[in-house]
Amino acid sequence: MNLGIRGGELLWLDSVHSTNDHAIALAEAGAPSGTVVAADSQTGGKGRLGRSWHSPPGLNIYISVILRPDIPLKETPLMTLMCAVEAAAAIRDRAGVDAGLKWPNDLFIDGRKLGGMLVESRVEGGKVLFLVAGIGININARREDFPRELQDMATSLLIVSGKEHDRGGILKAVAEGVIKGSGALERGGAGDILRLWKLMSVTLGRRVRAEDGDRVYEGIATDLDENGRLVIETGSGEAVKLVSGDVYLL
Ligand code: BTN
């Protein structure tokens, strides 16, 4: 597929185990920043925290972008937020659908998950060698295309808008947005990413339950700190800052 991605090169695969795994292998072999791996289907699509990502053919988009930004290690969580902001912007521009952002990595509509980000990094000597930004978005899947256990939790652009959307156009817009956003972060654009993320957030201001390993917190999600950590004010007057974990809106 030749989509002419600005600032990058696209490798299109009919089927792959995981576009993230494929992109990591290419990055380890020296592939340049801006290389995009996309596939029609994945046989071992990965979600966060060791989960799997439902990846049937012909319906959705699964892409991974190799990035080599010169950023401090502590800013890598901002990459996930940047990908979410850029993916939501691409969906708004290309499909006319407004998705909300649920911390840390979900595109959310009507309380259901439309898409997710999985950013993986290789770090050596405290320096980021490369990042692979993996993004999955449900585009033309109908309710019955999801396994039964996901049908009440997942959604797609087709389900929310009632019409089919052009996967290629959305894929190109997401990839270009992520490449541009990585450059902006490198040039000190963290403030803009955080501001945009907060504008699109469905998490802030909400009562949440957060699970981080065996720690569970309940409280109001009030803010993001400068490194993208979620600030939760718990009943005891304490503020917890979450680096990773699962957040449920109550
Ligand atoms: C999540 O919400 O848990 C993250 C989902 C990330 C899925 C995408 S699909 C493309 C890329 N390749 C993978 O194996 N995972 C990501």
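1. Leaving aside neighbours within four places in sequence, Asn227 is in contact (heavy atoms within 4.5 Å) with Lys74, Glu75, Pro77 and Leu78. Asn227 is placed in the loop between strand 9 and strand 10 (230–234), where helices (H or I, at least four residues) and strands (E, at least two) are DSSP runs, numbered from the N terminus. Asn227 counts as buried because its relative accessibility is 13%; buried means under 20% relative accessible area, exposed over 50%, and partly exposed in between (1.4 Å probe, protein chains only).

2. On provenance, this is a predicted model, in which local features need pLDDT of at least 70 and side-chain atom pairs count only at pLDDT 80 or more, while totals for chains, interfaces and linings use all residues. Residues are numbered from 1 along each chain as its sequence is written, and side-chain values use heavy atoms, with hydrogens and water left out.

3. The ligand is surrounded by 20 residues, that is, residues with a heavy atom within 4 Å of it. The closest are Ser18, Thr19, Lys46, Arg48 and Lys113. A polar side-chain atom of Ser18 is 2.8 Å from a ligand oxygen atom, and one of Asn105 lies 3.1 Å from an oxygen atom of the ligand. For Gln42, an N or O atom of the side chain is 3.0 Å from a nitrogen atom of the ligand. Taken alone, the ligand exposes 410 Å², of which the protein buries 98%; accessible areas come from the Shrake-Rupley method with a 1.4 Å probe, and for residues only the protein chains shown count as cover.

4. In helix 5 (residues 190–200), the buried residues are Ala190, Ile193, Leu194, Trp197 and Met200. Seen down the axis of helix 5, these residues fall within an arc of 135°, so they line one face of the helix; the arc is that of the directions from the helix axis to the C-beta atoms. They pack against helix 2 (76–95), strand 4 (100–102), helix 4 (167–186) and strand 9 (215–224).

5. Helix 2 is mostly covered, with 16 of its 20 residues buried. At 1.5 Å a residue, helix 2 should span 28 Å, and its end C-alpha atoms are 29 Å apart, which agrees; the expected span is 1.5 Å times one less than the number of residues. Gly96 follows helix 2 and has a positive phi, near 70°.

6. Lys172 lies in helix 4 and is buried, with a relative accessible area of 18%. Lys172 and Arg6 are 166 residues apart in sequence, yet their C-alpha atoms are 8.7 Å apart in space.

Methods
Polar contact = N/O pair within 3.5 Å; in protein donor to acceptor, adjacent residues only side chain to side chain.
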